[in-house]
2 protein chains.
Amino acid sequence: MSRLLRVFVPEDQSPADGIFTIGGEEARHLLKVLRVEVGRQVEVLNGKGLVWLAKVNEVSARSIVLKIEEIRETPQPAIAFEVAMALPKAGRMEETVRQLTELGVSRITPLLTERGEVGKLKDRIEGKLDKWNRIAVQATKQSGNPWLPTIREPVPFKHWCEGFSEDSCRLFGSLSPEACPISSLSQSAIKSVCIGIGPEGGFSENEEGHALAFGFVPVRLGPHVLRIETAAVCALAVAQEVFAV
Amino acid sequence: MSRLLRVFVPEDQSPADGIFTIGGEEARHLLKVLRVEVGRQVEVLNGKGLVWLAKVNEVSARSIVLKIEEIRETPQPAIAFEVAMALPKAGRMEETVRQLTELGVSRITPLLTERGEVGKLKDRIEGKLDKWNRIAVQATKQSGNPWLPTIREPVPFKHWCEGFSEDSCRLFGSLSPEACPISSLSQSAIKSVCIGIGPEGGFSENEEGHALAFGFVPVRLGPHVLRIETAAVCALAVAQEVFAV
């Protein structure tokens, strides 16, 4: 079984006369690591729902020319899922971005919370956003997800809570006894689902109160305390199963 | 908020006259890393549903004496969840064991599959099982899960499929068009749910046929291709939400 090759191109690029020329890092990877040859099938994703099925037509030292054979367009998911989360410890956010992208998240928002570690984050956020975006691109290629998620700059949880309208199902992870399973929620007509996941120790009482005032519902997954990254990925998977099936 | 301290003791240990003496690695960690002092509250877990709420009564160079104040017993989950999975790449199984334990899995079984990498696994399996067990213990302490999962030696997928009775809901992850969402399954009276997750590229046709013959149902999570570890953790979270809520 020869592995399906996928290439990512920025959304402002499109083929001319049925031909795509791939250069830069993507070409280098295809040529040096994957050693693609003329005739090999490749899928080109632009992260905005377009997928070009193509064949390698020419290879040179630094670029690859693809001939487009078919175009597929996948509409945006009917319900957009956003995960906003406090940052987990060292390196774990990268794995989480990858998993959320595989699952088909539309937007990832890092949260600044009262109990989270804020100082460190602000220092190096640009480098981190770059890295997370690269990981999301890799994950769309690996999983075949035609829609690249948006990864936003960190926002305070309270501020984030205020940005949604009535057609949005608003959830936050909570350890309080009022928290209910996601599957117990009524599935009225909604356009988006947004899920807030707090830091170790959870959101503060103050933060939870603010979220409730803005129409958020406290939810839980099972009886145990989950780490941030487990909660984020599993809450998305369960919410997709509940709302998008 | 001072963090709740949890200690794990093997199931053959129990307190005498309301006193628990902790030695070895657990005591070292509590004394040297967490610097516990007399009067500090500690929960003692035995991984078999028993939790002793205790207070530190004495500390010495190498041991800690706990005085038991209350005993809590959590019955075994009404439905046992097993995840059997092909092994993901370098190191990712450790993170997966941790996440499955947080969620409350009862049994984890590494699978030998036609498309998985078998040779490497067999060589070093004992060391790996030890490490996975240590990680599962850590995860029970972190998450407060009072039931330590069993981690089995690797078994061939086909052999694993044959080990279940009619009161078990039998699922395997599949990319075939017949695969259905877990939430679409009927929830008849069952005692256990077992979920098989294949390697990159999925189970072979031969393996899928065998699973079908033994009453397994092909299931999928969303439209994209998930990595082994994402599939394993999310399938468990969704199945728990569907069957155990």
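1. Start with strands S4 (residues 50–59) and S5 (residues 64–73) of chain A: they run antiparallel and are joined by nine bridges. Strands here are DSSP runs of E with at least two residues, helices are runs of H or I with at least four, and both are numbered from the N terminus. One pair to look for is Val56(A), whose bridge partner in S5(A) is Leu66(A).

2. A word on what you are viewing. This is a predicted model, in which local features need pLDDT of at least 70 and side-chain atom pairs count only at pLDDT 80 or more, while totals for chains, interfaces and linings use all residues. Residues are numbered from 1 along each chain as its sequence is written, and chains are lettered from A in the order in which they are written.

3. Now step back to the sheet. Its five strands form an open sheet in the order S1-S3-S4-S5-S2 (chain A), with mixed pairing (two strands pair if DSSP finds at least two bridges between them). Strand S1 (5–8) and strand S2 (19–22) of chain A are the edge strands, each pairing on one side only.

4. Next, the two chains together.

5. Finally, the contact takes 28 residues from chain B and 28 residues from chain A, where contact means C-beta atoms, placed from the backbone, within 7 Å. On the side of chain B that touches chain A, H7(B) gives the largest share, seven residues.

Methods: Two residues are in contact if their C-beta atoms, placed from the backbone, lie within 7 Å.
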